[in-house]
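Hi everyone, thanks for making time for this. I'd like to walk you through one part of a structure today, strand by strand. Let me put it up on the screen.

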Amino acid sequence: MRRIVHISDLHFGTEASEVADGLLADIQRQPAHLLAVSGDLTQRARQGQFAAARAYLERIELPKIIVPGNHDIPLYNVAARFGWPLRNYRRLVTTQMRPTFHDDEMAVAGVNTARSNRWKDGRISRRQIDELRNYFQAQPAATFKILVAHHPFIPPVNDASATLVDGAKAALGMLESCECHLILAGHLHLAYTGDVRPHHVEIKRSILVAQAGTAISRRRREEPNAYNVVIVDGDCLQIEVRAWNGSRFAATGTSEFRQSEQGWTPLGK
């Protein structure tokens, strides 16, 4: 069994300090094997915001997969945005732009979907797809495979027209061939879970997506601050959403799935 803490959209520069403290306390109560951070560590990609994000994440004593989001690229500084878009991220958070983690049960890869010329929507390139293919194909067949990205591959239930990451079709074709099981993402500040197949009819193999809300930012878009706890246990997968209730984080919903020849089947249905 493996437990993954999945947080996203910290947006340092707009963080709510009480919520940030509560998140650390709640994570410390969650025995886990990995922390997945799916982008937007900062609000405006400033040095002080990155330094605060790094100091905060260092307090979480877990192996980490961290990827940047669009807010980690400067918006108003045009020279920096196009000339050195992730310089502060690399200097102050991590130099690993293709982060990976693997153990006896799971293999996790992070991908940078943030782009200077597609500041909001993001993109995954052919080169990145090839690199991910090489990584996932090198893993043992029984390994549970996970991709961490910032931008979404499926829309939320109440907004089927939401823009998805450019290159999703090609990336999902690769993930299907590599037998990837799960994608963790953020960006929309909404917590939701779904299978890629209803949204990408060319994909025949079931791949689940777990989107995380904003963990600690005041930019909540009428949604509570929230994060995910993912539990992988053989052919079963559990995704628990833990949300801020005004004084602490608590479980607000759990999705459970079992994998069979037909793909991921929600339990209880």
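This is a predicted model: local features need pLDDT of at least 70, side-chain atom pairs count only at pLDDT 80 or more; totals for chains, interfaces and linings use all residues.

Strand 11, residues 236-244, and strand 12, residues 249-260, are paired in the antiparallel sense, with nine bridges. The two form a hairpin with four residues between them, and in that turn G246 has a positive phi of about 105°.

Now follow strand 12 onwards. Strand 13 covers residues 263-266, and it runs antiparallel to strand 12 with four bridges joining them. If you want a landmark here, look for Q259, which stands opposite W264 in strand 13.

Let's go back to strand 11 and look at its pairing with strand 10. Strand 10 is residues 226-233, and the two pair in the antiparallel sense over eight bridges. Here V232 stands opposite L237 in strand 11.

So what is the order of the strands in the open sheet? There are seven strands, and they go 3-2-1-10-11-12-13, with mixed pairing. Strand 3, residues 64-67, and strand 13 are at the edges; each has a single partner strand, so one side of each is left without a neighbour in the sheet. From one strand to the next, the twist averages 20°.

Terms used:
Residues are numbered from 1 along each chain as its sequence is written. Side-chain values use heavy atoms; hydrogens and water are left out. Two strands pair if DSSP finds at least two bridges between them. Axes are lines fitted to C-alpha atoms, for helices over the stretch in contact, and angles run from 0 to 180 degrees between N-to-C directions.
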